[in-house]
Every structure is written in C-alpha cells, then in structure tokens.
Amino acid sequence: MNTHEDAALGDNGIDQMLKSYFRHEMPARFPAAPGTSAPVPTSGSWSLMSSRFIIGASLVALMLAYMGLAAFFPTSTSNLLNPNSTPHIGQKTGIPKTVTP
Amino acid sequence: MKSRVGKNSRRADFEAIYDRHNREVWALAYARWLNADLAQDIMQEAMLRLWRQMQEGAKIDNPRAWLLRVARNLAEDHAKSSFRRNGTQAPQTMNTVRGKDDQPLEGLERQETFQQIREELNLLATADREILTLRYALDYDATEIADMLEINATAVHMRLSRARQRLAERLTAKGIQETL
C-alpha cells in the first residue's frame, strides 16, 4: 500500500463517512401513511344519522315544550290574537276610555 | 357490509405497501435533489396518489415499480417548477447546512463535513446517487439495489466502486478526514 493511498480515505473510511451522512439525512421516523388518518366513512354514516336524529328530536321537544307553555298561559296568547282586547298603555282596566276633543 | 370490508381491506393493503416501500421511495427522491424534506414530500405525494388509485379500484400489479416511477416524475416536475421560481439556481443550492445555533464545535465540524459530502454527491450522476443512497441509507446489497433499479448487479458493483473511489479522492483533496 503506497503512501498516497494511506493519506486518502480508505474503503472503511469512506464507507463510514457515507453511512454516517446518509443516516443523518434520512428521517428517524416516517409519518403515518397519508389518506388514512381521516375518519372512517363506514362508521361515520351511522354517527351522522344518529346525530341528525338527536337534533331533530331536540327540536321537536322544544316545540312541544313551547306549545305546552303557551297552553298553560292562554291569556297572553288570546290577547295577541285579538288586538282590540289589548289594553292601551296607561289605561287601567275597567275604566272607560275617554276621548279628548 | 361488503363495501365496508372491502374498504378496510384496501386500507390495510395500502398501509402494508407504505410500510414496506416508504424508505425506498424516499431514498430515490433524496438521490435526485439531496434534500431530505423535499424527498419526504415527494414520497408522501407518491403514496397519496397510490392510495387514491386504490380507492378508485385501480389494479396495480407492481406497486413498488409504480411508486418509484411516480416519485421520479414528481422529482422531475419539482425541477421544472423550481426552475421557474428560482431561475438558474438548482434546488439543491438553496439548501442550507442543517444546523442549530450554539452547536458544539464537533457538531459544527460534522455539519461542515456533511455539506462538503453533499456538494460532492451533487457532482455525481443521479443514477450513482441512487445506488449510494440505497447502499448507505438502507444498507441494501448489490442484488437488492439491482432488483429495485432494474439493472444488472455487476453494473451496481461497478458504479458503486467508481462513485466511492471518486468521493474518497475528492474529499481527501478537500482535507476531509475520517472524523465521523
């Protein structure tokens, strides 16, 4: 082996250097497979339907509660339906309305 | 029910392909531009395209060859778009030495050495870089490299030996010692 080859990087030397370089460049961990982290559509359709059902049921319950409350307090509702029965502002009930000339 | 089983099976197949070939695809993409982050983007994009094909029911007989072909095309497309963005500056010249502030001296010397290696690798042909990357990043032997690149094992030996010798001479001429 001549001195020129001794001074140069030997086979082992260049191998080690390149191995070190490429191992440094390569990611230690690769990310998860793309396109597969999204929610699974097969079970999603069931949860979508059930959530819609729950929302619909909630709306129906709200409507029923509103109508029930309205039935429990009929006066306010009938007054709304009959504008003539609505007392005038400042007018006490039972006192006839006076008209100023 | 049948479609659900089919979808799950396709996803499992895809994930198996991903686990088996992601490093190879990365290596090929890296060999083109010597940019680890870009190589990862290219690898992910190639895999995503494969997944879309599988979702559409396409039959791919050799996913490995398909992925490598797509990765090569994506790497070339990147060159064209990069040329439009950067003019005559090749993408790899935009790389900075990856390093952190306040690194110890050994770390800085290491980064400098890696930068020198990267510059010398850049002067080699892409085919040589592919062989070097597969050999030193993935520990592939000549037979495995030949099988993946669809070339003769003898050609792999020859190119590998020539590339190593050239790198050794040039790095020695630059005063790079075996410090890694």
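**Exercise 1. Determine which residues form a nonpolar patch on the surface, and state their accessible area together.**

Solution. The patch consists of Ile55(A), Leu59(A) and Leu62(A), with about 320 Å² of accessible area together. Patches take residues with over 30% relative accessible area and no salt bridge; like charges are joined within 9 Å, and nonpolar side chains (Val, Leu, Ile, Met, Phe, Trp, Tyr) within 5 Å. A salt bridge is a side-chain nitrogen of Lys or Arg within 4 Å of a carboxyl oxygen of Asp or Glu. Accessible areas come from the Shrake-Rupley method with a 1.4 Å probe, and for residues only the protein chains shown count as cover.

This is a predicted model, in which local features need pLDDT of at least 70 and side-chain atom pairs count only at pLDDT 80 or more, while totals for chains, interfaces and linings use all residues. Residues are numbered from 1 along each chain as its sequence is written, chains are lettered from A and ligands numbered from 1 in the order in which they are written, and side-chain values use heavy atoms, without hydrogens and water.

**Exercise 2. Classify Leu62(A) and Asp128(B) as buried or exposed.**

Solution. Step one: locate the residues. Leu62(A) lies in helix α3 (residues 41-72) of chain A, and Asp128(B) in helix α5 of chain B. Helices (H or I, at least four residues) and strands (E, at least two) are DSSP runs, numbered from the N terminus.

Step two: apply the cut-offs. Buried means under 20% relative accessible area, exposed over 50%, and partly exposed in between (1.4 Å probe, protein chains only). Leu62(A) is exposed because its relative accessibility is 58%. Asp128(B) is buried because its value is 13%.

Step three: list contacts (heavy atoms within 4.5 Å). Apart from neighbours within four places in sequence, Asp128(B) touches Arg159(B) and Ala163(B).

**Exercise 3. Describe chain A as a whole.**

Solution. Chain A has 4 helices and 0 strands. Of its 101 residues, 18% are buried. The chain exposes about 8100 Å², of which carbon and sulfur atoms supply 67%.
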